[in-house]
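Q: I have a structure open and would like to go through it piece by piece. Can we start with the sheet and then look at the helices?

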Amino acid sequence: MGSTTTPTPLPDAGPPAFLPDAASPLLILTTPTPAERARTGALTHPMWGPALAARDYLAREAYLTTVPLARDGGITHWVLTVRGAAPDARPLLSSCESLRKRAVRARDGRVEDGVAHGVASVFTEPRYRGRGYASRMMAELGPRLRGWQAQARGGEGQAGVLCSLLYSDIGKTFYARHGWAPFASCHVAFRPGRDAAAGNGAGGGGGNGEAQVARPIGYHELAELCCVDERLLRADLARRPKGKTHVAILPELDALLWHMMREDFMTKHIFGRTPDVRGAVAGEPGKRIWAVWTRGYYGGLNKLEGNTLHVLRVVVEDDEQPEEDVAAGLRSIVHIAQAEAAEWKTQDVQVWNPTPKLRGLIDKCGVEHEFVARDKDSIASLMWYGEEPTAEIDWVANEKYAWC
Ligand SMILES: CC(C)(COP(=O)(O)OP(=O)(O)OC[C@H]1O[C@@H](n2cnc3c(N)ncnc32)[C@H](O)[C@@H]1OP(=O)(O)O)[C@@H](O)C(=O)NCCC(=O)NCCS
């Protein structure tokens, strides 16, 4: 059950007299008490919450147990500690969290619902580092998640837990060693710019001018767009090549709201207000293209390099449309994103892991951009729980919305 009360962190009791070996049978992976969670939060604040005051960061972490996806036990906090030691007095040797998400797998045209767990906030307090505790925690966590909350919300999820995933900020080897294989991790970056939106819809890319002028998407429009997206994605998965397993995290409304409510908490604290524009859409129903986005802040107002407008998901409703029209719509959408990025003090607009088709459209739409292949940060990594080797899985829609 989520909670909005912010517990007081435990005082630092100093290092324990004895630190167990990372391979010791004395170590267990378990869930922390609220005060232990607050202690972990106080420790991770300098790393993940510098855009907020420490108190606000702890409040955000508590708030993030109450939002869609996380509420009703969807988020689990984990700690590696000593078996039998008293809660609130035991050492927290390493910590992380997992977030339950709905996922679908497809094989030979058959699409099945299941669960995926996103793993995040892997952390070892500096004085315990280099002793193998994070490694032990991950070695325990991978198999534990395989049987964790196998029923998705609402009782769907007949296929059980399909996979767990994480986004490594420490390169490709550490998590791979524990079974999370690195997948495609690149992005296209656009610069922020107020001027771009002023010329929205005009010039470049050819196409059907006026009809492709984008307009902003508000919160209330997300529900319908997510329904259409899910329907199209399921149909796409069913058509994927046979003899291979394809998996996607569902880009459902709750998955997007998790990002946006996190964003709202941040913008409320940083700017004193929340954004109205959650994305942009061009074209008529049935032939729309849209992008949904969220603003992420690590640097706050003093260090814009830590702030990014992340495109969570891009959808082209009708694949058969002339490319010129789709590119013109995309150009207009990017212009709105660039203007929002400037207004909301982010350093860039990022589109993660665009498909070859989307990359072609981005090139065609004529907006200056940079292609970045990442090798250290946000490396999308997956552990597959089915029979197939993880490396053989086709991760479909490996976009920012799946991040946590
Ligand atoms: C990453 C972290 C969790 C490792 O915790 P730990 O308990 O010291 O981990 P272990 O002792 O089990 O393993 C250490 C391994 O992690 C690797 N590692 C630690 N920090 C790393 C970094 N920034 N980049 C690459 N590898 C790193 C070490 O090289 C070491 O590898 P080795 O065994 O080949 O020497 C810890 O350093 C930490 O909390 N860092 C800050 C938060 C963070 O970056 N978390 C990861 C987010 S994806």
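This is a predicted model: local features need pLDDT of at least 70, side-chain atom pairs count only at pLDDT 80 or more; totals for chains, interfaces and linings use all residues.

Q: Which residue of β12 is opposite Trp 290?
A: Trp 290 stands opposite Val 315 in β12.

Q: And how does β10 pair with β11, parallel or antiparallel?
A: Antiparallel, over four bridges, with β10 covering residues 279-282. In that pair, Gly 279 stands opposite Val 292 of β11.

Q: What's between β10 and β11?
A: The two strands form a hairpin with six residues between them. Gly 283 in this hairpin takes a positive phi near 95°.

Q: Is β11 mostly covered or mostly open?
A: Mostly covered. Strand β11 spans residues 289-297, and nine of its nine residues are buried.

Q: Which way do the side chains of β11 point?
A: Ile 289, Ala 291, Trp 293, Arg 295 and Tyr 297 point one way, while Trp 290, Val 292, Thr 294 and Gly 296 point the other way. Residues of both sets are buried.

Q: OK, zoom out. What is the strand order in the whole sheet?
A: The order is β8-β10-β11-β12-β13-β7-β14, seven strands in an open sheet with mixed pairing. The edges are β8 (215-217) and β14 (370-373); each has a single partner strand, so one side of each is left without a neighbour in the sheet. From one strand to the next, the twist averages 30°.

Q: What joins β7 to β14?
A: Four bridges, with β7 (residues 186-190) and β14 running antiparallel.

Q: Which strands does α6 touch?
A: Helix α6 packs on the sheet and touches β8, β11 and β12. The direction of α6 makes about 60° with that of β12.

Q: How many residues does α6 have?
A: It has 18 residues, 222-239, and reaches 26 Å from its first C-alpha to its last, close to the 26 Å expected at 1.5 Å a residue. The buried residues of α6 include Leu 222, Cys 226, Asp 229 and Glu 230.

Q: How do α6 and α7 cross?
A: Their axes come within 9 Å and cross at roughly 135°, with α7 covering residues 253-271. The two helices are therefore oblique to each other. Leu 222, Ala 223 and Cys 226 of α6 meet Leu 253, Leu 256, Leu 257 and Met 260 of α7. The residues of this contact are seven nonpolar, no polar and no charged.

Q: And what is the angle between α8 and α9?
A: About 75°, with the axes 8 Å apart; α8 is residues 323-343 and α9 is residues 356-365. These helices are therefore roughly perpendicular to each other. Among the residues that make the contact are Glu 323, Val 326 and Leu 330 of α8 and Leu 358 and Ile 362 of α9. The contact of α8 with α9 has seven nonpolar, no polar and four charged residues.

Q: Changing topic: where is Glu 125?
A: Glu 125 is in the loop between β4 (110-123) and α3 (133-146).

Q: Buried or exposed?
A: Buried, because its relative accessible area is 9%, which is under the 20% cut-off. Leaving out residues up to four places away in sequence, Glu 125 touches Arg 39, Leu 43 and Leu 92.

Methods. Residues are numbered from 1 along each chain as its sequence is written. Side-chain values use heavy atoms; hydrogens and water are left out. Buried means under 20% relative accessible area, exposed over 50%, partly exposed in between (1.4 Å probe, protein chains only). Two strands pair if DSSP finds at least two bridges between them. Axes are lines fitted to C-alpha atoms, for helices over the stretch in contact, and angles run from 0 to 180 degrees between N-to-C directions. Angles under 35 degrees count as roughly parallel, over 145 as roughly antiparallel, 65 to 115 as roughly perpendicular and the rest as oblique. Contact means heavy atoms within 4.5 Å. Ala, Val, Leu, Ile, Met, Phe, Trp, Tyr, Cys and Pro count as nonpolar, Asp, Glu, Lys and Arg as charged, and the others, Gly among them, as polar. The expected span of a helix is 1.5 Å times one less than its number of residues.
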